[in-house]
Amino acid sequence: MPVLPHRLGAPRPGWSRDADVVVIGSGIAGLTTVLRTRAASPDRRVLLVTKALLDAGSTRWAQGGIAAALSAEDSPAEHLRDTLVAGVGLCDPAAVEVLVTEGPARVRELAALGARFDRDPGGDFSLTREGGHLRDRIAHAGGDATGLEVERALIAAVRADPAVEVLENALVLDLLMDQAGRAVGATLHVLGAGSQDGVGAVTARAIVLATGGMGQIFASTTNPAVSTGDGVALALRAGAVVTDLEFVQFHPTALWLPSPEAGQQPLVSEALRGEGALLVDAAGRRVMRDVHPLADLAPRDVVAKQMSRVMAEQGVDHLYLDARHLGTQTLLRRFPTITARCREAGVDPVTAPIPVAPTAHFASGGVRTDLWGRTSVPGLYACGEVACTGVHGANRLASNSLLEGLVFAARIAQHISEQDTSSWDGSQEPAASPLAGAAAVIGVPAGARGRGLTDPTERGDLTRAMTDGAGVLRSAESLRATGKMLAGLGDLRVSGATVTAGPAAWEMTNLRMVATALVAAAQMRTETRGCHWREDFADRDDEHWSGHVLTRLDPEGELILTYEAPPRPAEAGSATSVSPWARQSRPTSDSAAAPASSRLRSA
């Protein structure tokens with residue numbers, strides 16, 4: 001029976017680099033971590049590693065904006081309230097409080113850095129509203145090009161600092177860990193020339209994962225091609241705890257194309273509904289009327305579910321977003337990117353409704369962290385979409401993602417800067433390289449098994465199975481079939497394939513690992529909550545499922561799933577001082593609906 005690997009099969013590193021801090025990922029979380037670390041610790045060497053080019057991550061595709069209490073009519077308390085409501089009981093209130101109280105200052109600092117946000121006639125931030133928000137608090141740039149402008153400003157600042165070394169076109173493979181179980185570096189594969197071509201290693205005193213999401217496990221997603229779950233897969237192989245992978249948010253309004261290519265689909269920002277656009281069916285009937293008090297601006301899980309219901313009832317594969325009544329001037333001023341993309345596809349929003357359908361968009365779960373970005377692996381931090389900080393709960397509130405990257409990246413940089421400097425300042429010899437002898441292992445816990453790669457030619461089968469069985473609608477039957485299919489992908493005795501180590505096989509192996517973990521978590525949570533919708537368990541079940549599903553990989557290559565019940569009332573006051581991974585996981589009742597733990601092989 002095949003098992004999930006603890007290390008990707010790859011050549012041994014042929015080159016190495018050393019730094020004090022290695023940041024993996026170049027979206028808003030990674031770039032902010034670099035800049036804040038340099039500001040807080042100017043003597044420390046920072047290496048930024050990115051899978052493709054600096055601007056190729058998810059941040060540039062963020063249209064709507066950044067949510068923060070920036071106006072006199074708003075407050076962090078109101079932002080906290082809206083976030084907790086959207087998270088359907090699974091947000092960590094302490095993490096949300098950090099987000100909403102520190103967020104406004106981080107956004108203003110981003111503007112001071114050079115990000116050109118849209119302004120009102122008085123010079124203040126121009127703010128709009130999106131689903132789940134009861135206030136106008138979405139700051140935006142370029143109308144609907146916020147992510148692109150944020151990325152531009154951050155990249156310009158990074159490139160202006162000659163002390164930051166940047167390694168592009170570098171796919172992270174596995175962590176380097178010492179015998180004490182501390183992360184001390186990572187192996188990479190660089191598509192370059194000269195001494196840095198091929199597999200190498202970077203070593204550091206702190207490793208920060210900011211690798212983004214995993215949308216490419218689905219056949220249709222708003223995520224770019226680089227979002228293959230590399231960070232979550234790497235963390236699992238290293239023994240880290242990941243949390244709440246079952247909660248994948250499907251954005252209600254991706255542009256529906258008659259013959260879409262697999263992979264990234266164009267997004268139609270929720271801000272368009274914030275300005276008054278309406279969801280309708282082909283006959284012009286409103287889809288969200290009388291469904292939720294906020295109607296078309298209900299939280300994304302509510303809208304995506306209602307759209308899926310209507311589509312199933314009518315036997316159609318898309319609905320429409322009608323923005324015609326907003327007028328030409330508003331559409332061209334506020335939504336130039338969306339208007340242009342729709343026109344490229346043959347739809348003019350000025351004169352016709354936009355065809356839309358729900359599409360995989362954002363992973364609310366990920367590598368578990370505390371309030372300072374620390375994971376369960378010493379020396380390893382995580383922020384951005386790869387992380388589960390506790391902010392999003394069962395469903396991310398619109399435009400909280402960019403804010404989360406800003407806030408928790410800054411906290412990671414602060415935590416790193418406050419560590420003992422004796423091993424950082426160059427006054428002592430640096431710790432021996434993990435490549436220098438048998439004193440270290442590379443991403444493999446003692447006694448661990450499994451180095452297999454998955455055949456990349458089966459990638460289309462994986463994404464189709466995930467969309468059909470673990471997408472917006474899920475059931476025990478669909479999840480069981482998807483899990484069985486994923487297990488078969490790893491059995492080369494069946495396929496007869498010969499898998500060659502390389503980027504395609506490494507990405508495919510990561511996709512399979514993350515997909516397997518997601519399906520296992522979705523099977524375990526027998527309720528409907530937030531963006532996890534079980535057709536066979538249609539109701540929210542607070543008695544059994546108001547806690548979290550924790551997943552890790554054991555030395556035998558088996559996934560171990562544990563249900564962590566919420567803190568008892570007496571524990572709630574001390575929650576902020578306890579690392580999430582250190583909380584005691586308590587068995588649930590004997591009810592079959594809520595097993596305390598589960599062990600799953602990949603077969």
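Predicted model: local features only at pLDDT ≥ 70, side-chain atom pairs only at ≥ 80, totals over all residues.
Residues are numbered from 1 along each chain as its sequence is written. Local features need pLDDT of at least 70, side-chain atom pairs count only at pLDDT 80 or more, totals for chains, interfaces and linings use all residues, and side-chain values use heavy atoms, with hydrogens and water left out.

**Exercise 1. Describe how helix α1 packs on helix α4.**

Solution. 
- Locate the helices. Helix α1 covers residues 28-40 and helix α4 covers residues 146-159. Helices (H or I, at least four residues) and strands (E, at least two) are DSSP runs, numbered from the N terminus.
- Take the geometry. The angle is about 30 degrees and the axes lie 10 Å apart. α1 is therefore roughly parallel to α4. Axes are lines fitted to C-alpha atoms, for helices over the stretch in contact, and angles run from 0 to 180 degrees between N-to-C directions. Angles under 35 degrees count as roughly parallel, over 145 as roughly antiparallel, 65 to 115 as roughly perpendicular and the rest as oblique.
- Assign the hand. α1 and α4 cross in the left-handed sense. A crossing is left-handed if the near helix is turned anticlockwise from the far one by less than a right angle, and right-handed if clockwise.
- List the contacts (heavy atoms within 4.5 Å). From α1 come I28, L31, T32, V34 and L35; from α4 come V150, E151, L154, I155, A157 and V158.
- Sort them by class. The contact of α1 with α4 has nine nonpolar, one polar and one charged residues. Ala, Val, Leu, Ile, Met, Phe, Trp, Tyr, Cys and Pro count as nonpolar, Asp, Glu, Lys and Arg as charged, and the others, Gly among them, as polar.

**Exercise 2. Work out the strand order of the five-stranded sheet and where α1 lies on it.**

Solution. 
- Write the order. The sheet is open, runs β7-β3-β2-β11-β20 and has parallel pairing. Two strands pair if DSSP finds at least two bridges between them.
- Find the edges. β7 (164-167) and β20 (380-382) each pair on one side only.
- Neighbouring strands are turned by 20 degrees against each other on average, direction ignored.
- Inspect one pair. Strand β2 (residues 21-24) and strand β11 (residues 206-209) share four bridges in the parallel sense. V23 has V208 of β11 as its bridge partner.

**Exercise 3. Characterise the hairpin of β23 and β24.**

Solution. 
- Count the bridges. Six join strand β23 (residues 548-553) to β24, and the two run antiparallel.
- Pick a facing pair. L553 stands opposite L559 in β24.
- Five residues lie between the strands, and G557 takes a positive phi near 85 degrees.
- Strand β24 (residues 559-564) has five of its six residues buried, so it is largely enclosed by the rest of the structure.

**Exercise 4. How do α2 and α3 pack?**

Solution. 
- Take the geometry. Helix α2 (residues 76-86) and helix α3 (residues 93-113) meet at about 135 degrees, with axes 9 Å apart. α2 and α3 are therefore oblique to each other.
- Assign the hand. The crossing is right-handed.
- List the contacts. P76, H79, L80, T83 and L84 in α2 meet P93, V96, E97, V100 and T101 in α3. By class, six are nonpolar, three polar and one charged.

**Exercise 5. How many residues of α5 are buried, and what do they pack against?**

Solution. 
- Count. In helix α5 (residues 230-237), eight of eight residues are buried. Among them are D230 and R237.
- Find the neighbours. The buried residues pack against β8 (170-178), β11, β13 (242-243), β19 (366-368), α14 (503-524) and β23.
- Check the end. Just after α5, G239 takes a positive phi of about 95 degrees.

Technical notes:
Buried < 20%, exposed > 50% of the residue type's maximum accessible area, 1.4 Å probe, protein only.
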